[in-house]
Amino acid sequence: GYSARGVVPGLEWAAAELRWPSQVQNWIEPRCAVDRVAGRRVIVSRPCWAALTARKGGPPPAPLLVENLLRPPPAGQFACSDRHVFYRPREPYGGPPRDAWAPLHEAILQAEGLANHSFQRLAFSHATWRQPSTQEGYVPTQSLVTPLGEPPGAVSLGRARGVAVDGCSFANLGSAYALSVGGASQQVSVVGSSFTSLAGGAVKLGNVDDERALATSPERMDSAFWVVDNTIRLAALELRGAAAIFAGYVRDTTISHNSVAETGYTAISLGWGWGTHVLGRQTFMRNNHVVSNRMERVVSALNDGGCIYTLGPQPNSTVSLNYCEADRAPVVGSFYHDNGSRYFRTTRNVASNSPAPCVYLQGCCGAPALDVAVSLVWCRGEAPLRNNCAPAEANCSLVYPGLAAD
């Protein structure tokens, strides 16, 4: 825990939650609940503190943010204790709020083994995710995945076959992801739907199970997903390390013609595993395509992300015809191939107005991005393209013209 300069008011801190934005790693924002206070000492929940120390490789710095202090709220806002919700009306007095929700459930809908089914023009709202407030807390690897497991969706489909989510609305959700599809699901489409005002991400596809990722039986694979013509606005508002669209180990997947704006972290994240499966047995990831998406004002809260981000070998995969505006991450790149990314063709993309490089090929950690063909990238107001190979490598990219930003 920590020591303060003065006595810490115990009642005020009884439900407090500490946050470390980009302090433990650039791309995550861990949260731990305060266990108790004693005089000037703030004592963090022991399991969460252990996970946080392991993630940092030593004691973490003092957190930059504290939430859920029990103080009188500002006008028009709420404050909570473990038993009550307090609201201070705006001036002049306008009475109690007419539309206030305090969700109790983490899941709105869960389905296992659903086949040949469609969800059309349905509205899903008001769910929560309580893991950050538990003793174990929330200490992620990336994209809200923690040692405790994968983050759930308010609407969750497992082992689905031939399912369509068409023209649905997902709004005002406190869940880790609005919609999650995995557990060896296949032939699932998410089309023409809207996602707005989300604490976490919008869509999660597949899983991050390193063992199942090596499966050779098609029945055990997450495959044939289509995420097309969706609108995502205001994602990762509270759980700011969530990707708006996060696909783990998947194959034969198309993410196309989506509009993504105002996100805390990456707009579209594709793949998992970093350099784990570069050598030896390969995962079933392949034939994945991120095409003709528009992404604006992304990575507004954390760092080390981009408009489009990839991990791991994915033969015959493409990143093409995408438009990226105002990626706010100060490092890495708007189109970012991270550790272990292999066998991509990244072409005919546009990036504008970011302090980071237009394209970044990661070269660290013994598993650089290799065999990535980059061409015909138009960059405006961006840092120069960065081909960051390890010194022993000749060139990360098969086709890399070395274009400078305009």
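Predicted model: local features only at pLDDT ≥ 70, side-chain atom pairs only at ≥ 80, totals over all residues.
Does Gln 187 count as buried, exposed or partly exposed, and at what relative accessibility?

1. Let us start with Gln 187. At 45% relative accessibility, this residue counts as partly exposed. Gln 187 sits in strand β15, which covers residues 186–191. Its backbone deserves a look too: phi is positive, at about 55°, although the residue is not a glycine. Most residues other than glycine have a negative phi.

2. Ala 224 belongs to strand β18, residues 223–228. Its relative accessibility is 8%, so Ala 224 counts as buried.

3. Strand β2, residues 17–19, is joined to β5 by three bridges, and the two run antiparallel. To place this pairing on your screen, look for Glu 17, which stands opposite Glu 67 in β5.

4. Which aromatic pair ties strand β1 to helix α1? The structure holds nine aromatic pairs, and one of them is formed by Tyr 2 and Trp 49. The pair is edge-to-face, with 5.5 Å centre to centre and 85° between the planes. Because Tyr 2 lies in strand β1 and Trp 49 in helix α1, the pair ties together parts that are 47 residues apart in sequence. Tyr 2 is buried, with a relative accessible area of 17%, whereas Trp 49, at 22%, is partly exposed.

5. Another pair to visit is Phe 124 with Phe 170. Their ring centres are 5.0 Å apart and their planes lie at 25°, so this pair is stacked. Phe 124 is in strand β10 (residues 123–125) and Phe 170 in strand β13 (residues 169–173), so to speak a link between distant parts of the chain, 46 residues apart. Both of these phenylalanines are buried.

6. Finally, have a look at one aromatic cluster, formed by Tyr 177, Phe 246, Trp 272 and Trp 274.

Notes: Residues numbered from 1 in each chain as written. Heavy atoms only, no water. Pairing = 2+ DSSP bridges. Helix = DSSP H or I, 4+ residues; strand = E, 2+ residues; numbered from the N terminus. Phe/Tyr/Trp six-rings, centres within 6.5 Å; stacked < 30°, edge-to-face > 60°. Buried < 20%, exposed > 50% of the residue type's maximum accessible area, 1.4 Å probe, protein only.
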